Structures are given as structure tokens and as C-alpha cells.
Amino acid sequence: MIRKRDLSVILLYIFSFLLLWEWLRPLEQLTDMGHIEVFVIFLLICFLGSYFQIKWRLQFVIKIIYILLSLNYLFVGKWWASFFSDIKFIFTRNWDQLSDEFRTFLFFILLWMMAYLIHYWILRRQRIFVFFLMTLVYITVLDAFTPYSAKTAIIRTVICGFAMMGMLTYYRILGKRDVKKETSDTKKWMIPLSGMLLLSVLIGYAAPKAAPIWPDPVSYFKSAKDGDAGGVGKIGYGENDTHLGGPFVGDNTVVFKVVAQDKQYWKVETKDKYTGKGWMASGSTPITFTPSELVPVFSIPNTVSKTLKNARIYSYYRKNYLVYPAGITAIDGPQKLRIDTNSEKIESFDNEQNPVSPSGYHIFFEVPKYKSEDLAKTTDFDFEMMSQNFERYTRLPKDLPPRIKQLAEEITAGKTNWFDKAKAIESYFGRIDFTYDQKNVAVPGKNDDYVDQFLFETKRGYCDNFSTSMAVMLRTLGIPTRWVKGFTGGNFKEFENETERIYQITNNNAHSWVEVFFPNQGWVPFEPTKGFTNNVEIAYPHVNPSTSSSQTPVPEIPKKDPRLNQLEDADKSPRANKSFDIKLLWLNTKLFLKNQWKWILLGLVLIGVAIAFLYEIRGKWIPRYLLICYRYKKDDQVLGAAYLTLLKQLDRYGIKRKKNQTLRGYADYVDDYFSTKDMTELTAYYEQMVYNQNLQKGSWKEVRELWENLIKMTIA
């Protein structure tokens, strides 16, 4: 059996804790379970109790108290009322009637049992293969049949599992041969094991991977369930856009209703990274705000004329994202809001940070009135001033077919400014050879580019094909663009009053379009999809812009708090940029602490465990540290400090100096304990230095070996 307090056992406990943690990681993503850190800390308590050999009665009390406190934290109120009434359901086997409180209690008990079993497997059975295999099967099945991605989980599990198997094999060999474990033998075994494991993981991670032989089972079973072997999807808003293409069927399910003065395009999010097969976000920067604060999005610059409007949205979907028009300034409704300033996706949460589907909310937004002459002023891109924020909006895959750029240059030949180039490409998709179609739509093959296939081969598709193609072509010309997802304005249903109308938006209104960035004008929407027209108002010379017959007064919105600005206008002064950066850094720091406090707390707990562990093994590392500190000192006066340090180390080791005991008496006691004469000789030099104030040159060099021998004897 492994010695309980062996130094290497701590590694086995750490790896076991990490393996069991892998079972908890997917639950927060795949289930309604929240506050996963509560269960992680409980596991940590279980393993610490086992390692430090706390008596089982005390462990039982600590764990029960923690479970009760956790239940009270997770289920605020009289949770015990329904808790005790659930016991009868166990005896009657009515499992589906158990309350969430009692299910959580049973989950704690399950984790308790798992931690004990792992402790038993490690220290007594010295085997972990079964649990390691179960963990691998668990995460691979979830990776195959659920949205959970186990890419990094596989790596973590393999490292922990094989490291534990190697260490336990070493202990079993020692037990069978009845060999005493030596530190040097352990190093000879563990160093090659660690090197082999690390090398294998690095090679496996870096090596090229073959394409999967079978299709994704999730998509296969989903299509089989829907009775569509051809892989036809149902139209509607989806979050995964990494692989675009393929046919859709219509869906008239109502998503939300809007009460507003006129029809608007409704945004959900933007994406900035084109992969050759679809779109994804290049990063995530979440910021939490409340309805009383201004929405931290890139606002319409003051150089653009705008009108303040408002709308009421009533949603019927079960997601927690909000829809909103361009130019949004404020939201009145959900308790807490969070926006990803990279994708500009806004989500709602309750006071416990749980996702909440917003049933209704009131929004305020600015409707811009652009002037064509202002838009046409942009002819180039000032990378020195704007590359930090907008370089990612011109980025393209390295293997993008060059004929896409050639076509873009042909379409925009003779155009000298960004606006004319964007309008030329937008108009290009209105040609007769492009067809809007939702059914006969190709899916790009392994070596096909999504845009290239649409522009030069099929010329048939829906909004994703048109919008992606326009965004990519403009990027080839160095014009920053981003891909926008959301809904069109929907269908007019009836008048709410004299000035407001009710619009109904269904899954059929799911849509994507393009936004082009113009310095001093902001992000301007464009609609390249054939048969669609957005409501962007652009005034051309000698043409009166269309105006509404009547305007409804709207409540005033307070001036925007500069702390909420997440993107600056390109023409701000360097001094303003510096001030903005400092405030943004402070804001991001506060938001990081607010959003990541759970993991920070867990990190502090782990640091505390590490400190406790170092204190536990102080008898091993403190003497070695002292040897290093005094090894290279040559001044004879260091003898005094070294001698006093030795006295403290001997006391720490357990050789206590009695009260009123002389140094010589104590030295005799130490020499008797270690069967040496080193302490007596070293004490004589120390007394000569202290009482006679006379120390011959080179004394420390002569006695350093004596001092080191005594220090080495105290190594636990």
C-alpha cells in the first residue's frame, strides 16, 4: 500500500481531482446547472480531507455543513420544506417528482462517493485505469453527440490518466518486490515518464489529422429525426456559422413582435472572421451593464444627422439574446444585460447571472440620415490610426482564390472612393445571372471556397451567399466590412395607434447583410441580397430625402457616459486616446473581477492548498534552501548568522533547546543525538567570535563543512 503522507502522493491527488473535474465541466454547458464552482470546491474539500488524514467524523461534519450551506446558497428560502417531503418519493420510486433541492443533495452525495472511491483505488488498489477509461468514454460521447467540445478535455484527461497509471505502476512494482523506495529511484522512474508523456502529447497535438471517415453523428441523427436524409435545414436564426451553405425549408413560427413607427432591420450579432467556409468571431470581450446605462456599442458619429426613435419588442423565443436596430442607445427591460463588444451581441440575465429569455423590453435608437457626399470622402484607410480596432475587418484567409479580388477590381474599376465601390458591388448582385434560392443551394466541398463557389460556379443562393460575397470582395479592396446576422423588418399586422404600427417577425425573416465602415460616418449597412431592400436613408445631391409624414415625440435619453464608449472615432486627439485607454483598462479590470470572481476564488483556494502543502513538507525544502543561501558566502562574520540559523533549524527539526541550557550543553545534546562532534566544534568557534570578538581569518571556510553536515542531518 502507498504510504499516506508520501510526497509523491500529492500528485496523485491533484491528477485525481482534475480527472473528476472533467465530469463536471460539461454540465454547466449542457444542462441548467449553474454555480459549478460550488461542486468543484466540495470535491477539493473531499480530497484535502483524505490527504491530510482528517478523522472521518470531522470530515463527515465538515462535508455535511458545506452541503447544507451550499443548498441554502443555491436555493434561497425555505428549501428544507420540500427537501424532507421528497424522501417518500425515493421509497415509492417516483424519481421524476423529486425537487431540484433533493436532486442537488443527491448529486453532492454522488461526488462524495466518487471522491472516496478514487481515494480507495489510489492508495489501496493502486489502480486507476477503469476510472480513466470511463472519463475518456464520457467526454468523447459528449463531444460526438452534444454541442460540448472536448478538444482540450481529451488532452487534459490523457495527461492526468497516463501520469497516474505510470506512477501507480511504479508503486505496484515496489510492493511486489518488497523494495524500499528511494528518492533517486523515484526520479529515475518519474523523469522518463514525464518526458515521454509530454513528448507524446506535443506530437499528437502538432501532428496533422486526417479528415473524419464518417459524418457528424449529431447532424445525421438530427436529419434522420426530421425525416430528411438530404440534410435540409429549417430556416431561422442559428448561432453556428462556421459552415454555410445547403438548402432550407420555410418556417412561419413567430419569433417576436415589434411596436414601432416604421419597419427596421433587427440585429443580433456581427462576425468578423471569414474562414473560407463561413464566419466566426475572432474573440470575445463581454461587458455587463444595466438598463439604466447607455448601451456600449459603436455609436453613430456626431458628423451624421440622426433622429431619435423608440420601439417595443415582445419576444416568443427561448433564447436570451436581444434584437435591436442599428444606432441603439438604451434598453429598458431585463434586469441585467451583457454585451460582447466584438460581436455586439446583447444577452439578458437575472440577478443570479442565469440566462433569461426577455419577454418584452423597450429600446431607444438613433436613425441616421447619411449624405452621399460625406460617404464618398473616404478613399483610403489610415492603418496607423485605426489598425488596432479595424485591421481584423480586412483580414482574409491566405488561400482565398485570387479571382475573387480580380472580379472585385473589375466591378469597381473607375471608382475612386469606398462608397462608390461598395454601391457598385452591391448592385452587381442584382444582375440577371444571380438567383435567389433557398432549396437548390450548394454546400462547398473540402477544397472549395464558399464565396468563390457562389460567384463563379452556382450563382444561386440566399442571403448568406450574397452578404458574405460582398463582404469578402470589399475586403480584397482593403475596405473594412463585417457580416451581420438578425432579422428583416417582418410583416405589418395592424396599427397600434395613430403613429405606431405592429410588425410580426417569423423565422422566415432570419437574414444576414453587410456593414461597411466609413471614418467619421461609422458602420453603414448595405443590402446585396437580390430582392431585399433595407431602410437606410442616404441623401444624394438635389434629391430630397424621404421623411415620415409625422414624428412621434420620444423621451430624451441622457447624454452618453464616456466610460461606456468601447470604440473611438478615428479623429480623436492623442491626449483623448490616452485618457480613454486608462478608463477602458480600469473598466475592463472591474468587469473581469466581476465576471471571473468564481475562478479567482478557486485559484486562491488552490494557492492556499499549495501553501499548506509547502508548509507540510518544509522539513525537506528549508534545509536545502539554507544550504544554497550560505554556500557561496565567504565573509567570516557570516558565521554568527549561520549558527543562529542552525539553532532555528534544529528547533524546527524537533531538537529543542531547554530553558537556561548553555550553548555547550545544547551542543553536547545535539552531538549525542546525531553521534557526531560537529556541533561542539562549531559552537567553540561561535563562542570565540561572540565573547572574544576575535575570529581568525578563514574561520568560516574551516567550519562551513561542519555547519552543512548538521543542516543535512535535519532534512526530513
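Me: How many residues does helix α20 have, and how far does it reach from its first C-alpha to its last?
Reply: Helix α20 (residues 638-653) has 16 residues and reaches 22 Å, close to the 22 Å expected at 1.5 Å a residue (1.5 Å times one less than the number of residues). Helices are DSSP runs of H or I, at least four residues, numbered from the N terminus. This is a predicted model, where local features need pLDDT of at least 70, side-chain atom pairs count only at 80 or more, and totals for chains, interfaces and linings use all residues. Residues are numbered from 1 along each chain as its sequence is written, and side-chain values use heavy atoms, without hydrogens and water.

Me: Which residues of α20 are buried?
Reply: V638, L639, G640, A642, Y643, T645, L646, L647, Q649 and L650 are (buried: under 20% relative accessible area, 1.4 Å probe, protein chains only; exposed: over 50%; partly exposed: in between).

Me: And what covers them?
Reply: The cover includes α19 (618-631), α21 (663-674), α22 (678-691) and α23 (699-713), with contact meaning heavy atoms within 4.5 Å.

Me: What comes just after α20?
Reply: G654 follows, with a positive phi of about 125°.

Me: Changing topic, which residues have the most contacts inside the largest nonpolar core?
Reply: L24, F42 and I122 do, in a core of 58 residues (buried Ala, Val, Leu, Ile, Met, Phe, Trp, Tyr and Cys joined through side-chain atoms within 4.5 Å). Elements giving two or more residues to this core include α1 (9-30), α6 (100-125) and α18 (597-616).

Me: What does the second core include?
Reply: That separate core of 38 residues includes L407, F454, M473 and W483.

Me: Where is L133 found?
Reply: L133 lies in helix α7 (residues 129-145) and is partly exposed, at 41% relative accessible area.
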